[in-house]
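Thanks for coming, everyone. I have one structure to walk through today. Please bring it up on your screens.

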Amino acid sequence: PNDEIFKGRPKQKGPPAKDTKGTAVANTAAQAQQAAERLQEMDLGLPPIEQDYELDKNVDMSLGFGAGLKRYLHKKTRMPRAVLSLPKATIPASVSAQQVAKQLELLCKIDHPNIVPFRECCEDEKHLRLVYEWCNGGLFIMQLPKYGGMLTEGHVAQVVREILSALGAAHVFGVHHLDFGLFSLFLQYSDRLSPVKLFGVGLAGYLMPTVMNRKHSKSNKHFYASPELFAGGQVPAASMPGAMRHACDIWSVGAVLYTLCAGR
């Protein structure tokens with residue numbers, strides 16, 4: 001435009017530029033504050049893992065004992081234990097410290113030959129350390145190549161029978177898996193396929209996010225998850241009706257059965 005026409009008139013100013021950098025910094029600070037408050041809330045007053053256990057550095061974990069598991073030895077008895085570390089920051093926001101403590105108490109009560117026994121929980125500032133009995137056979141899926149074409153329908157039926165028995169025992173206590181897949185199965189012994197041991201009962205939705213709320217799953221748990229879990233969206237697993245949680249577990253058993261029979 002001709003500057004002479006607008007001479008003497010104040011120039012119109014546009015809207016002030018948004019301080020995106022300052023907003024991002026403020027949001028980061030708020031998130032850090034929320035995370036710190038969450039960690040403080042989740043202080044259950046439990047002893048640190050180092051009080052009674054020491055890390056076993058002589059075991060080769062590459063043999064397939066499950067991602068996230070480490071082998072510890074009890075300092076007095078020298079009994080091996082499998083320890084799962086769960087970040088407190090990933091505990092669902094809808095779950096309170098009281099609910100976490102109650103869930104841990106329930107897990108201690110479940111005693112079944114086809115469930116990996118949960119023994120106790122330790123903690124540090126940022127993690128819960130869940131202590132389980134050690135399964136010498138390792139992951140079930142890592143032992144399958146041994147049997148090649150020898151795996152029969154009878155073997156598969158026995159495995160599924162033991163899985164259903166384990167889930168039935170957990171459901172009596174109102175505890176469900178909601179994260180079941182082939183990588184949830186361990187073996188008590190390395191030279192046989194029985195007894196199968198179910199790992200991770202009662203964790204998803206209480207002590208860790210369900211699969212649809214995780215960024216990724218190293219063991220492809222979403223392949224075994226039921227439609228109800230995905231359709232539920234952001235509904236907390238703890239708020240799902242017991243019948244729906246039961247149905248989710250049964251769907252996952254069916255997916256595992258198909259995988260064992262079809263080999264894919």
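First, a caution. This is a predicted model. Every value I quote is computed from that model.

Let's start with the layout. The protein chain has 264 residues, and 42% of them count as buried. There are 6 helices and 8 strands. Read from the N terminus, the order is α-β-β-β-α-β-β-β-α-α-β-β-α-α. So much for the outline.

How much volume does the largest pocket have? About 1200 Å³. Its lining counts 40 residues. Closest to the centre are L86, D179, M208, P209 and R214. Which element gives the largest share of the lining? Strand β3, residues 80-87, with 4 residues.

Next, the closed spaces. Rolling a probe the size of a water molecule over the atoms shows where empty space is left. Here the search of the whole structure gives 4 cavities of 30 Å³ or more. I'll take two of them.

The largest cavity has a volume of about 80 Å³. What lines it? From one stretch of the sequence come L107, I110, I115, V116, P117 and F118. Sorted by class, that makes 10 nonpolar residues, 1 polar and no charged.

The second largest cavity holds about 60 Å³ of space. It is lined by 10 residues. Nearest its centre lie L69, A82, E133, C135 and F186. This lining divides into 9 nonpolar residues, no polar and 1 charged. Keep C135 in mind, please. We meet that residue again with the cysteines.

On to helix α6. It covers residues 242-262, which is 21 residues. From first C-alpha to last it reaches 30 Å. That is close to the 30 Å expected at 1.5 Å a residue. Which residues of α6 are buried? R245, C248, D249, S252, V253, A255, V256, T259 and L260. Look at the spacing in that list. An α-helix has 3.6 residues a turn, so residues three or four places apart point the same way. Seen down the axis of α6, the buried residues fall within an arc of 160°, so they line one face of the helix. Turn to the other side of α6, and you find A243 and C261 exposed.

Now the cysteines. How many disulfides does a search of the whole structure find? The count is 0. Take C121 as a case. The closest cysteine sulfur to that of C121 belongs to C122, at 6.6 Å.

Last topic: the backbone. Most residues other than glycine have a negative phi, and most peptide bonds are trans.

Start with R78. It sits in the loop between β2, residues 69-74, and β3. R78 is not a glycine, yet its phi is positive, about 65°. Its relative accessible area is 42%, so R78 is partly exposed.

Then L178. This residue is in the loop between α4, residues 153-172, and β7, residues 185-187. L178 also has a positive phi of about 65°, and it is not a glycine either. Buried or exposed? L178 is buried, with a relative accessible area of 4%. Here is a contact across the sequence. L178 and A225 are 47 residues apart in sequence, but 7.5 Å apart in space, C-alpha to C-alpha.

Finally, P195. A cis peptide bond joins S194 and P195, with omega about 0°. P195 lies in the loop between β7 and β8, residues 196-198.

That's the tour. I'm happy to take questions.

How values were computed:
Residues are numbered from 1 along each chain as its sequence is written. This is a predicted model: local features need pLDDT of at least 70, side-chain atom pairs count only at pLDDT 80 or more; totals for chains, interfaces and linings use all residues. Side-chain values use heavy atoms; hydrogens and water are left out. On a 1 Å grid over the protein atoms alone, a cavity is a set of points where a 1.4 Å probe fits but cannot get out, and a pocket is an open set with protein on both sides within 12 Å along at least five of seven lines; lining residues have an atom within 4 Å of a point. Grid points are joined across faces, edges and corners, and a volume is the space filled by probe spheres set on the points. Helices (H or I, at least four residues) and strands (E, at least two) are DSSP runs, numbered from the N terminus. A disulfide is a pair of cysteine sulfur atoms within 2.5 Å. The expected span of a helix is 1.5 Å times one less than its number of residues. Buried means under 20% relative accessible area, exposed over 50%, partly exposed in between (1.4 Å probe, protein chains only). The arc is that of the directions from the helix axis to the C-beta atoms. Ala, Val, Leu, Ile, Met, Phe, Trp, Tyr, Cys and Pro count as nonpolar, Asp, Glu, Lys and Arg as charged, and the others, Gly among them, as polar.
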